[in-house]
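Subject: Handover of a structure and notes on its contents

Dear colleague,

Please find below the structure that I am handing over to you.

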Amino acid sequence: MGHRRRVRSAKSEVSLSKPDLVLSESLVPRLLAWFATSARDLPWRRTENPYGIWISEIMLQQTQVATVIPYWERWMRQLPTVADLAKAKIDTVLKLWEGLGYYRRARNLHQAASQILEQHGGQFPRDFAAILDLPGVGPYTAGAVASIAFNQAAPILDGNVMRVLSRIYAVAGDLTEKSNNALLWRLARQLVEQAQQTNQPVGQSCSALNQALMELGALVCTPSTPHCVDCPAQKLCRAHRDQKVDQFPQPKKRATSTARFFATLVLKKKGRWFLCQRPEDTVNGGFWEFPSLELENSVHAEQALVRWLGLENVQLERLGQIAHAITRYRIRQEVFLHEPGRTPPRLSTAGQWVTSRALQELPLTGSHRRIVTELLA
């Protein structure tokens with residue numbers, strides 16, 4: 001049995017003022033009418049399958065819609081049911097996720113599918129608490145699935161919705177601060193409960209309301225240069241009324257970026273490539289990659305690799321450089337090629353030689369997949 005997380009409801013902590021309640025009553029029909037005519041045609045909006053909706057919500061976490069669409073369509077073709085996901089090998093799951101980043105999401109999906117199979121007979125749970133109990137599911141995702149798939153009056157609060165609500169209701173200050181965050185949850189709950197009392201559209205008002213909030217933040221009420229002229233809430237928005245849209249929400253301080261340097265060695269022998277698998281308990285656990293060494297700088301990358309692997313009288317061929325970013329890290333990766341007569345002693349038990357076909361089929365971390373596609377093509 002998975003550990004059940006308790007989420008304190010903001011409903012009992014923060015009471016809405018009468019003006020806020022009046023504003024919510026006026027806002028809901030405008031949002032529903034706008035979403036009915038302005039919603040994007042997205043593949044997961046063409047299904048009522050809670051499994052498919054759940055997969056889309058997990059994929060959309062910190063990932064752009066345009067990026068997610070082909071991943072979701074490929075996933076649903078290969079793993080169309082909860083049972084298919086639960087029974088799939090983890091390498092298959094990670095390969096389908098390859099390139100989406102934040103790979104813990106894929107592992108959580110795999111674990112959650114097994115939990116649904118064991119505890120719910122393979123049927124995606126309808127109960128909010130049961131959805132929240134799934135690995136990798138927090139209050140936002142549980143609310144999104146419960147409202148979109150089952151039209152339940154469950155609130156949602158992600159970055160887009162927080163921005164929309166902070167502007168419409170003029171919620172000032174740090175939105176992650178406890179009292180502000182509780183107020184936003186209360187506003188989100190009030191809106192979806194208000195939508196539940198309407199018949200517009202019939203039977204899907206909670207689903208439409210929550211998606212309208214997300215859609216408004218994605219398309220109109222954007223972080224910079226919001227399109228207020230196209231906003232259905234323009235006449236109700238307090239930030240717009242006071243000409244302070246750019247002041248909501250309060251800008252976050254940017255984290256200082258940190259440079260990191262890696263030297264990577266592509267080993268090739270008789271048409272095979274040497275790969276190491278990352279430990280399960282590390283970042284990107286279970287993914288495969290070429291042997292890599294983190295350095296203080298990239299000045300002596302080749303010499304560092306030669307010493308690390310115990311190679312003697314060897315000159316490596318430089319393939320190029322891969323630059324990428326992960327959260328606050330700015331990563332530069334110097335890539336070299338070597339065709340050894342034998343496996344370097346340090347790597348003899350650290351990985352395995354794979355064929356060119358396996359190199360394409362195994363899940364590789366993002367930068368190492370770029371090595372294959374950009375430097376080994």
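Which residues do ring pairs link into a cluster? The cluster consists of Tyr-51, Trp-54 and Phe-124, joined by ring pairs. Please bear in mind that this is a predicted model.

Aromatic rings

In total, the structure holds six aromatic pairs. In one of them, the ring centres of Tyr-51 and Trp-54 are 6.1 Å apart and the planes meet at 55°, so this pair is classed as tilted. Planes under 30 degrees apart would count as stacked and planes over 60 as edge-to-face. Helix H2 (residues 50–59) contains both Tyr-51 and Trp-54, which are three residues apart, about one turn of the helix. Are these two residues buried or exposed? Tyr-51 has a relative accessibility of 2% and therefore counts as buried; Trp-54, at 1%, counts as buried too.

Another aromatic pair is formed by Phe-274 and Trp-353, with 5.3 Å from centre to centre and 70° between the planes, and it is edge-to-face. This pair links distant parts of the chain, since Phe-274 belongs to strand S2 (residues 272–277) and Trp-353 to strand S7 (residues 351–355), 79 residues apart. Phe-274 and Trp-353 are both buried.

Charges over rings

Two arginines are placed over tyrosine rings. Arg-74 has its charged end over the ring of Tyr-71, at 4.9 Å from the ring centre. The charged end of Arg-260 sits over the ring of Tyr-329, also 4.9 Å from the centre.

Arg-238 is located in helix H12 (residues 238–241). Its relative accessible area is 16%, and because the limit for buried is under 20%, Arg-238 counts as buried. With which side chain does the side chain of Arg-238 make a polar contact? The partner is the side chain of Asp-20, at 2.8 Å. Leaving aside residues up to four places away in sequence, Arg-238 touches Pro-19, Asp-20, Leu-23, Arg-167, Ile-168, Tyr-169 and Ala-170.

The structure holds one cavity of 30 Å³ or more. The volume of the largest cavity is about 110 Å³. It is lined by 14 residues, of which Arg-167, Cys-221, Cys-228, Cys-231 and Cys-237 are the closest to its centre. Arg-167 is also one of the residues that Arg-238 touches.

Yours sincerely

Terms used
Residues are numbered from 1 along each chain as its sequence is written. This is a predicted model: local features need pLDDT of at least 70, side-chain atom pairs count only at pLDDT 80 or more; totals for chains, interfaces and linings use all residues. Side-chain values use heavy atoms; hydrogens and water are left out. Rings of Phe, Tyr and Trp (its six-membered ring) pair if their centres lie within 6.5 Å; planes under 30 degrees apart count as stacked, over 60 as edge-to-face and the rest as tilted. Helices (H or I, at least four residues) and strands (E, at least two) are DSSP runs, numbered from the N terminus. Buried means under 20% relative accessible area, exposed over 50%, partly exposed in between (1.4 Å probe, protein chains only). A charge sits over a ring if NZ of Lys or CZ of Arg is within 6 Å of the ring centre and within 35 degrees of the ring normal. A polar contact is a pair of N or O atoms within 3.5 Å; within protein, one must be able to donate a hydrogen and the other to accept it, and residues adjacent in sequence count only if both atoms are side-chain atoms. Contact means heavy atoms within 4.5 Å. On a 1 Å grid over the protein atoms alone, a cavity is a set of points where a 1.4 Å probe fits but cannot get out, and a pocket is an open set with protein on both sides within 12 Å along at least five of seven lines; lining residues have an atom within 4 Å of a point. Grid points are joined across faces, edges and corners, and a volume is the space filled by probe spheres set on the points.
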